[in-house]
Structures are given as structure tokens and as C-alpha cells.
Amino acid sequence: MLQIRENVSLKNFNTFGVEANARFFVEINHEDELTELFLDPKWLQLPRLVLGGGSNMLFTQDFKGLVIRMNIRGIEHRINHEEVYVEAGAGESWKELVDYCVSHNFAGMENLTLIPGSVGASPVQNIGAYGVELKDVFESCQAFEIATQQKKTFIKEACGFGYRESIFKGELKNQFIITSVKFKLSLQPKVNTKYGAIEDELHKQEILNPTIGAISKVVAHIRVSKLPDPSTIGNAGSFFQNPVISFGEFEEIKNKFPEIVHYPAGDNKIKLAAGWLIEQCGWKGKIVGETGTWKNQALVLVNHGCASGSEIYALSSQIIDSVYNKFGVKLHREVNIL
Ligand code: FAD
Ligand code: EPU
């Protein structure tokens, strides 16, 4: 029987740890419960928010509709020659899924170790880290269409994956609830060490032929050294996306700032390191009231105690303005603002 609660605090359901209230709140443990939920047309009329771990959300106000917290569990795998298909429920923890794959020696996800949040949210922004993106291991996902209450399968080609982008964040925003995701991994231990920080760390630890377990540990080590742990300091990881600009615009900026940190982004485009831009504007480690940017990674905005979502949002606006004034580059928020 579905339990719909009223006036629920979301403080423990967002990694910024900011206070906000949900008018209605329901936890979904099985996909059939979605069908059951929408038998009542009331829930089709009110605004809805699908929530996983709340690690990419900033609440700046109370939510006047229904929060649907995804808690569908289960991980299973099927081996087919050199490949393995792993399927996980939307409410599984991403971290635990990666640990499961690494411990079974299924290769492909190890660079995505320790990203917070749920499996169901992973396709939404095509999570990525240390040279790998979700799309590299994604096979398909099952989703529930709210308007028709039908289940639909999305194969990779239908998802419009790009840098921190997918169809679920774009044209199908708020229309589908992802219930499970299937991944294609390899039984051949191929490792991806092309991200500079991984190579440096392997070198430092004198690891010559890394296993996928070793890559996972190295990535975890780098992440812990740079990123604040949300269980002690509220944050949502990178607050902004790394801006992607044309080669022409880049040349102009580089003339003025020759040391600018950048990467080729294909298609005659260049990706700039937003953390560098923000640091150059003097924001790194700065504390503004109860909020600020992280001392080891300027791209991460933090809650030092009891900041409100609006204070964090206001700081992000100040940062956008100062980066624009200095470099002429507009930063876009990666975190979902509500
Ligand atoms: P939520 O924050 O709950 O939701 C995010 C969005 O997805 C919302 O729009 C929500 O409506 C939607 N959504 C959630 N579940 C579903 C579903 N089942 N169906 C449909 N829509 C859904 N991200 C990276 O890409 N790379 C990183 O390296 C990285 N590092 C991080 C480090 C830290 C310390 C933190 C706090 C965050 C980091 N993130 C990173 C961001 C975050 O972990 C990811 O975006 C993650 O996928 C969010 O998962 P979640 O379950 O918490 O999603
Ligand atoms: N840099 C600075 N100052 C800073 C931060 C970064 O100068 O304060 C420069 C450094 O030169 C550094 C470079 O920027 O070498 C890149 O920094 P880092 O390796 O930390 O990666 P990032 O580009 O800042 C991106 C993702 C992260 C992901 C890492 C690793 C985005 C928006 N962020 O950060 O994802 O973990 O790469 O792949 O693309 C997230 O999305 O929440 C997230 C944490």
C-alpha cells in the first residue's frame, strides 16, 4: 500500500543539506507502485519532482507538489561470452553498483567510482568522471511515461547523450521516470588511464599494470582529496558545467590569459576548466556567510552549516557575474535548481 506523506522536510534528502518542505512525498519501491500512484488523477495535476539521492539538487524554496523518491532496488547480471549485462533498479546507490562491478571484475565503470546518487539519475545528466561517461557503459533503460502510464525502453541512441546532457534533461524533461538501467561491461580488464590525474597518481604509487580494482582505488583517492564529503560539508559536486566555446572565442581569451586550462572538445570546440576560471576571479576557498566555494576545488559550492538554498544560489549568481566580467564566458549551472 502506497504511503503518501504530507509536509515532509527534504533536509535529509539533498546533499546540500538545505531546509525545504515537500507538500506531498511518496517513496516508490516497485515499478508497479507508479501505476498505482497515478490511478489517482490528483497526482497528474500537481507539480511532481522525481528524486534519487538529491546530490544534484538545490532547493531554494518549498516544493508545492509531490516528491517521488525512487527506491527500487536490485542488481543482477548476465554473462554472454566476453560481455556482461548488469541491470540495476533506479533506487540502487551508484557507488554500490560500481563496487559490485569492480568486485566481480566487470570492467568499464571503475573510473566512475564514488559518484554519489542513484542509478536512476545516472542517465539524466550522463554522469562522467576521470575520462569515462555513463554513455560508454549504458545499454538501455526502462522508464515510466507519466502521461500515458506506459513503460518504455530507451536504447543508447535514443537518449541524446552529450556532456552532462540527455533527452531526460532536455526535450523529455519531467515526462519519464527511469525505473531501471542496463549496462554493458566487459570481462576483459581494459583500463582507461588517460585522465592526467589518474596517470600521475599511478606513477606516484608505482603501479605499472593497474587492475580495475586499482583504478577504482586511485580514482577514489583523487576524489577524496579534492571533493568535500557531503555527509560532513553540504555540497552537490560541481555547481557549474565546464563551458564549451568555439575555437575562435578561445583564441581571443588565450591571447589575454595564456595559461588558461582547456581541453579539446571536438567539432572545433574547446572546453574550459570552470574551476580555473572561478579560482582566477579570487573565489577559491572564499567563505560568504554560511556558504562559499571549496578550498580544494573552486567549482564546488558548499554549505558551511545552515545556509539556505537562496544564499547558495545568490553566491552562484555572483560567481557567474565575475567570471563573465573577467573572461567574457558565461557559466551554466549544472545543479538542478528548484
Ligand atoms: P538527484 O539529485 O536526486 O536528481 C538529479 C536530477 O535527476 C533531477 O532532475 C531529478 O528529477 C532527476 N532524476 C533523479 N532520479 C530520476 C529517475 N529515476 N528518473 C528520472 N529522473 C530522475 N556528477 C557527475 O557527473 N560526475 C561527478 O564526478 C560527480 N561528482 C559529484 C561529487 C559530489 C561530492 C556530489 C555531491 C555530486 C557529484 N556529482 C557528480 C553529481 C551527482 O552525484 C550526479 O548528478 C548524480 O547522478 C545525481 O544522482 P541523484 O540520485 O542524487 O539525483
Ligand atoms: N582547476 C583549478 N582550480 C580549481 C579547480 C580546478 O585551476 O579550483 C583546474 C586544474 O587545472 C585542474 C582542472 O581545472 O587540473 C580540472 O579539475 P578537475 O580534474 O578537478 O576536474 P573539473 O573539470 O573541475 C570535472 C567534472 C567533475 C569530475 C571531474 C573528474 C564537470 C562540471 N565536473 O571537474 O564532476 O569529477 O571532472 O573527471 O564536468 C560533478 O559533475 O559534480 C563533478 C564533480
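User: Which residues is Thr 293 in contact with, leaving aside its neighbours within four places in sequence?
Analyst: This is a predicted model, in which local features need pLDDT of at least 70, side-chain atom pairs count only at pLDDT 80 or more, and totals for chains, interfaces and linings use all residues; side-chain values use heavy atoms, without hydrogens and water. Residues are numbered from 1 along each chain as its sequence is written, while chains are lettered from A and ligands numbered from 1 in the order in which they are written. Thr 293 has its place in strand 18 (residues 291-294); helices (H or I, at least four residues) and strands (E, at least two) are DSSP runs numbered from the N terminus. With contact meaning heavy atoms within 4.5 Å, the partners of Thr 293 are Trp 283, Lys 284, Gly 285, Lys 286, Ala 298, Val 300, Leu 301, Val 302 and Ile 319.

User: Is Thr 293 buried or exposed?
Analyst: Buried means under 20% relative accessible area, exposed over 50%, and partly exposed in between (1.4 Å probe, protein chains only). Thr 293 has a relative accessible area of 1%, so Thr 293 is buried.

User: At what distance does the side chain of Thr 293 reach the backbone oxygen of Trp 283?
Analyst: A polar contact is a pair of N or O atoms within 3.5 Å; within protein, one must be able to donate a hydrogen and the other to accept it, and residues adjacent in sequence count only if both atoms are side-chain atoms. The side chain of Thr 293 reaches the backbone oxygen of Trp 283 at 2.5 Å.

User: How far apart do the C-alpha centres of domain 1 and domain 3 lie?
Analyst: At the interface of these domains, 10 residues of domain 1 are in contact with 17 residues of domain 3. Their C-alpha centres are separated by 29 Å.

User: How much of ligand 1 does the protein bury?
Analyst: Around ligand 1 there are 33 residues, the closest being Val 50, Gly 53, Ser 55, Ser 118 and Arg 223, where near means a heavy atom within 4 Å. An oxygen atom of ligand 1 is 2.6 Å from a polar backbone atom of Val 50, and a polar side-chain atom of Arg 223 lies 2.8 Å from a nitrogen atom of ligand 1. Accessible areas come from the Shrake-Rupley method with a 1.4 Å probe; for residues, only the protein chains shown count as cover. Of the 980 Å² that ligand 1 exposes when taken alone, the protein buries 93%.

User: How much of the accessible area of ligand 2 does the protein cover?
Analyst: Ligand 2 has 23 residues around it, and Tyr 130, Tyr 163, Tyr 195, Glu 279 and Glu 334 come nearest. Oxygen atoms of ligand 2 lie 2.7 Å from a side-chain N or O atom of Tyr 163 and 3.1 Å from one of Lys 226. A polar side-chain atom of Glu 334 is also 2.7 Å from an oxygen atom of ligand 2. Of the 820 Å² of accessible area that ligand 2 has on its own, the protein covers 83%.

Definitions and conventions: Domains from an automatic or database assignment.
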